[in-house]
Amino acid sequence: MKFLRFRLAPDNIKISFMRFRRYSYPLSALASIASVILFLTVGLNYGIDFSGGTLLELRNKDGVANLAELRTTTEKLGLGEVEVQAFGDERDVSVRVRLQPGGDVAQQAAMTKVLDAVKDKYEVRRSEVVGPRVSGELVQSGTIGVVLSILAVLAYLWFRYEWQLAVAAVIATMHDLLLTIGFFSLTRIEFNITSIAAILTIVGVSLNETVIVLDRIRETLRKYRKTPIAEIIDMSVNAVISRTIMTSTTTLMALLALVLFGGHVIRSFSMAMMFGIIAGVYSSIFICSPILIYLGMRNDSLSAVEPEKGKAKENA
Amino acid sequence: MQRFQRWKVLSILAMSLLALLIIIPSFIGEANRKAVASWLPSWLPVKAIVLGLDLQGGAHLVWQVDAADVTKSQIESLRDDVRRLLRDEKIPLAGGIGASGRSVQFRVPDETARTKVVGRLRTLAQPGGVTALGTTQPPVFEIAQSEGGLLRLTLSEAATNERIRKAVDQTIEVLRRRIDTTGTTEPNIQRQGADRILVQVPGLLDTNRLKDLVGTTAKLEFRLVAEPGYNPADIEMLKEFDKDGKTVTGEYPVEKRNMVRGEDLTDAQPGFDSRTNEPVVNFKFNIRGGRDFGEATSRNVNKLFAIVLDNKVISAPRILSPITGGSGQISGRFTVQAVNDLSILLRAGALPTALTVVEERTVGPGLGQDSIDAGKLAGYVAATLVVLYMLTTYGTFGIFANIALFVHIAMIFAGLVLLGATLTLPGIAGIVLTIGMAVDSNVLIYERIREENHLGRSIISSLEAGFTRAFATIVDSQSTAMVVAVILYFLGSGPVRGFAVTLGLGIITTIITAVTMTRMMIALWYRWKRPQTLPI
């Protein structure tokens, strides 16, 4: 069978990745610090899952939504700052009311007030009211989720790898996590419970990429006992870079389809995931492997621990 | 590599076919599904994927039992118990019985009387008594004595928690009866956590009627209107309202004591008064209720009694003669809709406690359908991109990967149908994402095969090495994703859980399709073609 054939990544890549660490390390360090600063100063744009309050998605019954008019109407209700935003269709508008003082009952009252004010001209497409108790618990379970998955990842790496490799993988994963948080702060994309799902998935997927590289380094180390470690890392990264690029490309393709066509409800989820996966590929190539040199990884650090670590696996 | 046992081939084919058969009903529409079901024997399940509320539209409400309210009513009944006990034993009190927060206190100055009271209270605090194994349940309340014969009974945490648990169970029962009578389609009512109740109603967008129906306690009481000279601690002032439920039309000093237990009400029907033609509710008591009501009315002829619903006076008629028939009529300032609703509420029974809405999410059917359409489109685009990519990169092997991808998607849907899991919008995103991730395994395998081949291995040995060596990495990478899916499943609710389910299913089916199935196809292809060069 004959097809139009093409390969995204050439076969014989010979790039000395180790040299890039002079640029990639300061760059990543800067980006990570910037992310932390952004998170601490600007903070995340918490959705109502975490901040509590009321969110209404309205569609104008006869045509274009009038944002200015809606703003004046809702501001008169005495519910504090009311965010009125256009999205998607020109008929659609979202109205967000901050958490009202006075517990769960007050949130219900706020929603009724807004609905009464707009129901003549707009139909409700979606409504969400999250009281202070529920949002508090969602924050808690979201935090537990992130912490638990990081612990699970650590445990997995502890069993799976020699300490240098494990530390490298942890640093790479943390790097991706920090940058994704920075991405959320910078873009002001709403941070809600599905964002937690996105972050956890990023942790999983970015670890995949790291695992592919690390497995290869370990395999090459066993094969070439005399070669300097820098060369071994370069050989390994060059050997797997085409598949790292290709696997992430297919995933990115799927995510791109979601961003473009998946609708506004999951757009922020898909965008965060795209960013995280790109960060994951970058860190698995430019961050994770060079760290091994700093950690004093040597050809013999492997043989010493190998028997304890169970049977040697030969991996792709 | 070459040898692939016939039974393995057959079972993989059978699994793929089965997956396809299982998902067919989900994609042919409701009408066709019914038609298909009618041809097939009845034992064959024709099930469609359950769509989450975010896709089919509907309301998701969470109510919380008011713990303070539960404690308050517990304290009230403890106070009643104490009052009855003291009256039975004819023990004089110094002052009244005070109730505050979680405790009840009163003063019994006489020492012998106090010892007797404490003894009786101890049995009251241990309703289960000493169990067969000799262990005792935690007491309902603690008894503390201090100087001047002051006794303080404090409710235990465990007793309150137990009461809340029971209140939630009872509430769920009542809500089910109430919502069922309104003819709403398949509401899902379940406990959430210790003190919450989740109600999901597909297709419902205007939640006001539901909230009224659930939010009304519907506690019906028959209480005497107090006459001048009563102890103010034993009465409360209750208001009477007009039809609109807002205008106050009267206020009565009403005794706290209830003449009949609400649960003794057996039936309530809307009707019209024969003389005034006003809408009324006709009710019936069971035997105990009828007897209690008869006794109470015969003792209090010519006095006023108040019919109280949720601490509002509905009406306060005079008892002209003892009412012993076990049935009666509630007339107030009612509309027809109001008597209908009140009858439903009374038949279903009162809620044990007040409820508050703590979370509400509704999705209109329009947005739900839009989300399905958008999800489908994204899925098709993603699948097309990935299929083309695999085809141009790997040629024949790309076709194998694409067939495996197709089966992989079918298997995820089949898994959802078999598990009865709910497909949510993030769930669709999860499926689209696994379209991209499923072929990852193929890429890893194929790249390894190429590499081994370039190193000078024969075709057959490259194929063998490619599969075995890539397998460990695939398991590694999939297991990290699986860990994430499991954590998300247990932490998330609703939509996020849907994402976790599709992600998890996708990981499991990847191993079946991208690894085993592709391997089988390549083995068969190799036997058939005996190629001299690798097509990748």
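Predicted model: local features only at pLDDT ≥ 70, side-chain atom pairs only at ≥ 80, totals over all residues.
Biologist: Which strand of chain B does strand β5 of chain A join, and how do the two run?

Modeller: Five bridges join β5 of chain A, residues 122-130, to its partner in chain B, and at least two bridges are needed for a pair. Within this pairing, Ser127(A) stands opposite Thr362(B). The partner strand is β17(B), and the two run antiparallel.

Biologist: Which element gives the most residues to the side of chain B that touches chain A?

Modeller: In this contact, 60 residues of chain B meet 64 residues of chain A. The elements of chain B that give two or more residues to that side are β17 (355-363), α10 (365-394), α12 (425-454), α13 (459-491) and α14 (495-529). By class, the side has 36 nonpolar, 15 polar and nine charged residues. The most, 16 residues, come from α10(B).

Biologist: Why is one side of β3 and of β5 in chain B left without a neighbour in the sheet?

Modeller: The open sheet is formed by four strands of chain B in the order β3-β4-β6-β5, with antiparallel pairing. Because β3 (98-100) and β5 (141-146) of chain B stand at the edges, one side of each has no neighbour in the sheet, and each has a single partner strand.

Biologist: How many nonpolar, polar and charged residues has the contact of α11(B) with α12(B)?

Modeller: Helix α11 (residues 396-419) of chain B packs with α12(B) at an angle of about 145°, their axes lying 10 Å apart, and the crossing is right-handed. Among the residues that make the contact are Phe397(B) and Leu405(B) of α11(B), and Ile431(B) and Tyr446(B) of α12(B). Sorted by class, the contact has 11 nonpolar, three polar and no charged residues.

Biologist: What distance separates the centres of the two domains assigned in chain A?

Modeller: The domain assignment gives domain 1 (17-46 + 135-305) and domain 2 (53-130) in chain A. Taken over C-alpha atoms, their centres are separated by 39 Å.

Notes
Residues numbered from 1 in each chain as written. Chains lettered and ligands numbered in written order. Domains from an automatic or database assignment. Contact = placed C-beta atoms within 7 Å. Nonpolar A, V, L, I, M, F, W, Y, C, P; charged D, E, K, R; others polar. Axes fitted to C-alpha atoms, helices over the stretch in contact; angles between N-to-C directions. Left-handed = near helix turned anticlockwise from the far one by under 90°.
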